[in-house]
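Here are a few notes to go with your first look at this model. Have it open beside you and take the points one at a time.

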Amino acid sequence: MSETLLQVEHLKKYYSLGKRWFGKSEQQVIKAVDDVSFSVLKGETFGLVGESGCGKSTAGRSILRLIEPTAGRVQFNGQDLTSLTPKELRLQRKDMQIVFQDPFSSLNPRHTVQRILEEPLIVHGVGNAKERRNLISRLIEVVGLSHSHLQRYPHQFSGGQRQRIGIARALSLQPKLIVADEPVSALDVSIQSQVINLLQDLQEEFGLTYIFIAHDLSVVKHICDRIAVMYLGRIVEISEKNRLYETPQHPYTKALFSAVPEPDPDIKTERIILQGEVPSPANAPVGCAFHTRCPMVMDICQTLRPELTETEPGHLTACHLFTGSDATGRAV
Ligand code: ADP
Ligand code: MG
């Protein structure tokens, strides 16, 4: 059994928004991430999947403390990140990097690739100028670009090439963990698999651990070892990948699978078309947050929030169909 690299416990990120309502001011609380717990093993790729707005990016950024979590604990490599001083955090940052969805807005348009890649090395005091140049030459080749690209600016590249630069930047400090936040969502489908293959090759070469964020299940199918499905700021199911694909439990996970086209026409999948929109995280339904759209909804779902519960080894689901409560909420 592999070691745990990252342990996230009861992570919450709430945003308070002041709002004026008929002349009276009111506070609105957006529960972007609401009590999320999971752990990631060294060397694995852990998928975080769910519709847009369910809190994936907020979770990823709160874990790295790029934004301050409202509550919860994040242990990384045996250290409690949530208790570190800014200086200690800076040292840990080297080990945890992020790749953003939109490589264009995350790369400074006025800087050459050389400068973009050198900046984190300078900030962290890595090597002298010559050593940094050598490192950057190697980095640019590792991500499949060439030395001649270093003097160019971000707008001179295609989307896929820009994402390769974003990946090179994330790799420059030799991190242990990379949070890849929808790294291929902005790319053409034909380019997506090239970037995913690159991420997989780099994982093998450098022993990386990934949290791979995606809004649909087709993208994570090949790359992830385990997957957590999020809905309205919470995890509704966590499982080893194959088990999730073969026997999804939560009705929301099943609905997400229905949205993935099945390439084999002989396989008949149960199609679930979800009614309605995702409710606002400022006004999440009581009980199970999914009950307003769930085709299997029961009375209990409208009042009692189901806990994420282990339903078979390594498979956790937050659904009353699986948590052994009867319709009155008593454990049976
Ligand atoms: P995802 O990455 O899954 O699309 P996000 O984490 O970006 O979702 O957002 C989760 C929820 O939190 C959304 O409803 C979003 O509008 C809200 N949110 C994100 N950032 C902020 C912010 N800085 N202030 C207020 N609300 C925010
Ligand atoms: Mg996002």
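1. Let's start with Tyr 245, which counts as buried at 19% relative accessibility; buried means under 20% relative accessible area, exposed over 50% and partly exposed in between, with a 1.4 Å probe and protein chains only. Please keep in mind that this is a predicted model, where local features need pLDDT of at least 70, side-chain atom pairs count only at pLDDT 80 or more, and totals for chains, interfaces and linings use all residues. Residues are numbered from 1 along each chain as its sequence is written, chains are lettered from A and ligands numbered from 1 in the order in which they are written, and side-chain values use heavy atoms, with hydrogens and water left out.

2. The structure holds five aromatic pairs. Rings of Phe, Tyr and Trp (its six-membered ring) pair if their centres lie within 6.5 Å; planes under 30 degrees apart count as stacked, over 60 as edge-to-face and the rest as tilted. One of the pairs joins Tyr 245 and Phe 257 edge-to-face, at 4.7 Å centre to centre and 70° between the planes. Tyr 245 sits in helix α9 (residues 241–246) and Phe 257 in helix α10 (residues 251–258), 12 residues apart. Helices (H or I, at least four residues) and strands (E, at least two) are DSSP runs, numbered from the N terminus. Phe 257 is buried too, with a relative accessible area of 15%.

3. Now look at Tyr 252 and Phe 290, another edge-to-face pair, with 5.2 Å centre to centre and 65° between the planes. Tyr 252 lies in helix α10 and Phe 290 in the loop between α10 and β11 (309–312), so the pair ties together parts that are 38 residues apart in sequence. Tyr 252 is buried at 0% relative accessible area, and Phe 290 is buried at 1%. Together with Tyr 231, these two form one aromatic cluster.

4. Which strand holds Met 230? Met 230 belongs to β9 (residues 226–231), and at 0% relative accessibility Met 230 counts as buried. Leaving aside neighbours within four places in sequence, Met 230 has contacts that include Val 36, Cys 54, Lys 56 and Tyr 252; contact means heavy atoms within 4.5 Å.

5. Helix α1 (residues 56–63) is worth a look as well. Six of its eight residues are buried, so α1 is largely enclosed by the rest of the structure. Among them are Lys 56, Ala 59 and Ile 63. Arg 65, which follows α1, has a positive phi near 55°.

6. Finally, step back to the whole chain: the protein has 10 helices and 12 strands, and 46% of its 332 residues count as buried.
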